[in-house]
Amino acid sequence: MKNIKLFIKNIKEYSNYAIRSAKAELKSEITDSYLNWLWWIIEPLCFMLIYVLVFGYIFKASEEHFIPFVLIGITVWEFFNRMVTGSIKLVIQNREVVSRVYLPKYVLLIAKSYTYLFKLFISFGILFVIMFLLKVPFTINILYMVPVLTIFYIFSFGVASILMHFGVYVQDLGKLTNIVLKFVFYLSGIFYNINVRLKGKAAFLLLRVNPVAFLMNEFRKVIIYGKLPSFQGLAFWLGIGLVLTYIGISLIHKNENSYAKVI
Amino acid sequence: MKKIAVSVKDLHVSYRGLKKTSIRSTFFNKKNRKKIEVFKALNGVSFELEEGKILGIVGKNGSGKSTLLRAIAGIFSADEGSVDLHDNSISLLSIGVGFNKKLTGKENIYLSGLLLGFTEEEIKTKEKEIIDFADLGEFIYKPVRTYSSGMYSKLAFAITAILETNIMLIDEVLSVGDVQFRKKSYNKMKELIFADGRTVIIVSHTTSTLEELCDEVLWIHDGKVKLKGKPEKVLKEYEEFMHRKK
């Protein structure tokens, strides 16, 4: 309980900083490049084109609405991937700040996550335009993407906060997570439909064990296919996400004042 | 009785067991794990500082001065003992913390100010004063990376000098920039230090500065308090001690 109260207090106190810092980072990302903010649109579009070309054309994927299908996959995956890889070196990258002022260290993670969320929203914007152009029907169930996204964010934040803590002490954690991420990447069905390609038990298991695969599938269900999400599954991963977040913030509360000694 | 602003009780800070590790070394080098080096940066430091007083800290390199300052600022945690600030706001005067070099000076005022624990409104009311003091002209609207190093420190100093806290910790930075600004910043520093009711702790190697500014001096040696008292007395003994070693 003490951890939760402190967490909420800190978030309130530092929310202005987190927003400013996220804006600053996004701004500085584009100040020096020729195409400026266009990169935020070009990047996801090109990734989508590559996947559509390779898997749609060469491997002859037969998923319904394959282009939006892939775009959701990339969007969801990129966010999770950025959160995980970004969190590990976060404290060390902010050495300057961490060793000179006190701030709750997850504020760094929150600021970072805002920049990733911003990119995710751009990606979703592109998705809606493409769905409109391809005449994919929009249904009211699309509104369920709000709770799905919230749960996805909480889960990603939980994982990232724990990794952020261990990333301070364990130098080669990045190497290990890279391998795990590669594995999760292929097992999340970014460019194939788990339900179609892996029939029976494998699909059943994967969509329950792999949260990224599950949440990606839920996003697709509510956005492209106009179905209802699986409320049971969402509740389950919300629970897991909250537990992970709690573990993460407790670890950080307990150890953050020692981070400056290590980095 | 005077009010106490800072009380440090039996403060121990060590770097034990906080060495970096890797997955390989935790799994395969079990023997080595027992031989974790313990470096005691602070070994039972206690002192109290009254409100409105100025304390200087001296000691040779590696004696734990900066560690003490950072522990008081809350950046380091104490392994044993405690630091009580009696509900005062505190800041370690750090130059240019949280700067993003690709953004303009003005944007960095906010970034740095928020990071130092001030609210957006507080910064807004002081913004003009900071810009005036930094005296950068049009450059305040240009990205910080285009600044010369002198201009950079002028802005950085202006931010920390004008956004004030009850307790100020200063680590060896007393003047920055060109001759003109150096005089200005030194005077500002003195003004800040001597402001009513402000408690200040200064770490410095320049004994003349300390003698001029401080009410009391604390001499730290190998993580322990060696002497505390009037500046004349402590600084004299400290200098004698340092010369004898050579």
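Two strands are taken to pair if DSSP finds at least two bridges between them; strands (E, at least two residues) and helices (H or I, at least four) are DSSP runs numbered from the N terminus. The model is predicted, so that local features need pLDDT of at least 70 and side-chain atom pairs count only at pLDDT 80 or more, whereas totals for chains, interfaces and linings use all residues. Residues are numbered from 1 along each chain as its sequence is written, and chains are lettered from A and ligands numbered from 1 in the order in which they are written.

In chain B, six strands form an open sheet of mixed pairing, in the order β5-β6-β7-β3-β8-β9. Because β5 (90-93) and β9 of chain B stand at the edges with a single partner strand each, one side of each is left without a neighbour in the sheet. From one strand to the next, the twist averages 20 degrees, where axes are lines fitted to C-alpha atoms (for helices, over the stretch in contact) and angles run from 0 to 180 degrees between N-to-C directions.

Within this sheet, β3 (residues 54-58) and β8 (residues 216-221) of chain B are parallel and share four bridges. B:Gly56 has B:Val217 of β8(B) as its bridge partner, and B:Leu55 stands opposite B:Glu216 in β8(B). The pairing of β8(B) with β9 (residues 224-229) of chain B is antiparallel and comprises five bridges, with B:Lys228 of β9(B) as the partner of B:Leu218. Two residues lie between the strands of the β8(B)-β9(B) hairpin, in which B:Asp222 adopts a positive phi near 50 degrees.

A nonpolar core is defined as a set of buried Ala, Val, Leu, Ile, Met, Phe, Trp, Tyr and Cys residues joined through C-beta atoms within 7 Å; a residue is buried if 20 or more other C-beta atoms, placed from the backbone, lie within 10 Å of its own. The largest such core has 133 residues, of which B:Leu169 and B:Ile202 touch the most other members. Helix α3 (residues 66-88) of chain A gives the most to this core, namely 13 residues. Residues up to four places away in sequence aside, B:Ile202 touches B:Ile54, B:Gly56, B:Ile57, B:Ile170, B:Leu210, B:Leu213 and B:Cys214.

Between the chains, 25 residues of chain A are in contact with 26 residues of chain B, contact requiring C-beta atoms, placed from the backbone, within 7 Å. On the side of chain A that touches chain B, α1 (2-30), α5 (95-98) and α12 (231-262) of chain A each supply at least two residues, and α1(A) provides the largest share, seven residues.

Terms used. Two residues are in contact if their C-beta atoms, placed from the backbone, lie within 7 Å. A residue is buried if 20 or more other C-beta atoms lie within 10 Å of its own, exposed if 12 or fewer, and partly exposed in between; C-beta atoms are placed from the backbone.
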